[in-house]
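Please examine the sequence and the structure shown below.

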Amino acid sequence: MKRRQQGILTGMPFMANVSARAYVDDAGRRLYLAKPPARIVSLAPSITEMLFAMEAGDQIVGVTDFCDYPPEALKKPKVGYSNPNLESLVALQPDLVVAPNDFLKPDVIVRLEQLKIPVFILADKNVDDIFVHIQTLGRIVGRSPKADAVAMDLRRQVAAIKQRVQRMVPVRVLYVLNSQPLITVGPGSFIDQLIGMAGGMNVAAKSATPYPRFSLEAVLQEDPEVLVFPVGKAEGIPESEQQTWLQWSTMTAVKRGRLHQIPADWLNRPGPRIAKGLESLAAILHPDSAIDSRVHR
Amino acid sequence: MVDLVSSWANAGSVLTVSRWVTVIGGLLLASLAVLVLCLQFGATSVDVRTVATAITHMFRGDESGSPSLRTSEIIMVQIRFPRVLMGFLVGASLAAVGVTLQALLRNPLADPYVLGVSSGSALGVSLAILFGIGSAVMLLPLLPIFGFAGGLLALLLIYRLAQSKGRLPIHSLLLAGVILNAILTAFIMFITSIMEPNRSAGLMAWLMGSLTAPGYPALGVFSMYVVLVLAILMHKAQLLNVLTLGEETARSLGVETEGVKKQLFALTALLTGAIVSVSGMIGFVGMVVPHAVRLLIGSDHRLLLPASALVGGMFLAVADTLARTIMAPAEIPVGIVTALAGGPFFLYLLLCRKDRML
């Protein structure tokens, strides 16, 4: 608590520039580091990917159970995920914990603060946040030049994709997170934004919640032109279950055989592989516009 | 409404053939009306009349009409009708199992999920999802088959644990069931905890209870199965009456209680396993509908059992219609609706008719 009451300006973005080594995270908490951290624990797969992308992999001492990219991340000690094991976390003697805003049990942050372990929280609301976060993390861990270059490159790629699909007629898409009961993505979810950026129109756009259980009737009425199934080694809908969608023979997506798989990690993780995910989503939605047709299945 | 019902179905009165026919006939008509009404509502503005028109056109051999009409027809025939029927069957089974178990265990808190068979089914489905086994191979619905197998295993296990010297004491049945339930639930929680959050959400949604539109072959098999087991249960209704008097009394009246108890346990378990396999855990229907119906028409099981089944069916069909439409095009778990709609109504009945609970 003490740390929060340091000034009425706490939480204002420009505070990040007050001192060279003072930062404000997405929860409005202020972080001061005397020197770049050498022992970082990452509490999200996306954060691990960001740190490796800016070549700060050596500074990572702990990751989550789900951090599997790049392969080097698998060799790092594990600390759990939504409910990390505080003992093994503390035993790693981190001088910085980078945590996501979602998925984490709320009392974990409080405990870490009580233990005087600096925590920096990232909340990714949209794709631009990812690039900002990469740059911020780069400054914090002392890898600014590389981080800026990574962010710049990603921005360029995303802008190119956007520009390419801009002229296309949006394609109606259903993103199938779970078939039975049907769960999809709605407005407010990260993937819904990606669908829009890749030149798609989410058929669940009228949903009031970001991850709704969705009516099959409404799907048939909206008549998606493409069905997208996220797949990965840890998640995704089995092939046999995807086949059950073929029974809806009047659906345009089924008639045209446009049932596609996409690696879930590329889209789910707000990290540096997002451009790759967006690229492959755009290639699925607008195959004729794809420059890189390798990712199209 | 309570007074109206009690005037023609006075509780405690002797069960006559004419009263049985009046109550069950009335409920059958009401069920039919409710089913048609439920078909009328959905996430899309498709209603019964347009579809009926489309179908008559089809039979007359006209052109099948515009593509949108064709979609309406599919929505009605392939999605909404099977789901409403499924809701009715599941609700009816849950209520019938609830009545039977409340009598068999002589416990007003008994519901279809109390004896661990449901958790066995749920664990079967969870394992299937964990190992990524699909929901269908060659149109054979795999998840329900896994669920049913899990339920059967749990049934055998509970039976083995509870029986002693060829008898099946009620208290050990209840204890074995409750404890096995806790153990199996812990396994399910473990499975959800090791899954990636994005994926365990699907399993959780399934566990919370949901009705989906099954294909017609599956629906046919399921309804035949449910109707068969329900018919056998109805046939045993008189025995339930005797059992509620206590086992000693039942035995002195010449009822072979051990055999009856085993049969009833097996029947309810077979039905519960099947229900959970297709719809997950839909709470509240199995416990509260029997009580509500008992308050209204008395506790003679020859009438109570079929009446509860019909009321349970209607209740779940209506609850699922609400679940489908309240936040359309999104859906909410039907268990939330059954608890929120059924709970207050039951409390109201309790307030009016406290004397009959005893």
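A residue is buried if 20 or more other C-beta atoms lie within 10 Å of its own, exposed if 12 or fewer, and partly exposed in between, with C-beta atoms placed from the backbone. A nonpolar core is a set of buried Ala, Val, Leu, Ile, Met, Phe, Trp, Tyr and Cys residues joined through C-beta atoms within 7 Å. This is a predicted model, in which local features need pLDDT of at least 70 and side-chain atom pairs count only at pLDDT 80 or more, while totals for chains, interfaces and linings use all residues. Residues are numbered from 1 along each chain as its sequence is written, and chains are lettered from A and ligands numbered from 1 in the order in which they are written.

**The nonpolar core**

- The largest nonpolar core comprises 182 residues, and A:Leu51 and A:Val98 have the most contacts inside it.
- Helix α4 (residues 67-104) of chain B supplies the largest share of this core, 19 residues; helices (H or I, at least four residues) and strands (E, at least two) are DSSP runs, numbered from the N terminus.
- Leaving aside residues up to four places away in sequence, A:Leu51 touches several residues, including A:Ile40, A:Ala56, A:Leu137 and A:Val141; a contact requires C-beta atoms, placed from the backbone, within 7 Å.

**Chain B**

- Chain B contains 16 helices and three strands.
- Of its 358 residues, 47% count as buried.

**Where chains A and B meet**

- In the contact between the chains, 33 residues of chain A meet 33 residues of chain B.
- On the side of chain A that touches chain B, α7(A) gives the most, with five residues.
- By class, that side of chain A has 14 nonpolar, 13 polar and six charged residues; Ala, Val, Leu, Ile, Met, Phe, Trp, Tyr, Cys and Pro count as nonpolar, Asp, Glu, Lys and Arg as charged, and the others, Gly among them, as polar.
- β9(A) and strand β3 (residues 330-331) of chain B pair in the antiparallel sense over two bridges, where pairing requires that DSSP find at least two bridges between the strands.
- A:Arg213 has B:Glu331 in β3(B) as its bridge partner.

**Local features of chain A**

- A:Ser179 lies in the loop between β7 (171-175) and α6 (190-197) of chain A.
- A:Ser179 counts as buried because it has 20 C-beta neighbours inside 10 Å.
- Eleven of the twelve residues of α11(A) are buried, so this helix is largely enclosed by the rest of the structure.
- Among the buried residues of α11(A) are A:Ile274, A:Glu279 and A:Leu285.

Methods. Two residues are in contact if their C-beta atoms, placed from the backbone, lie within 7 Å.
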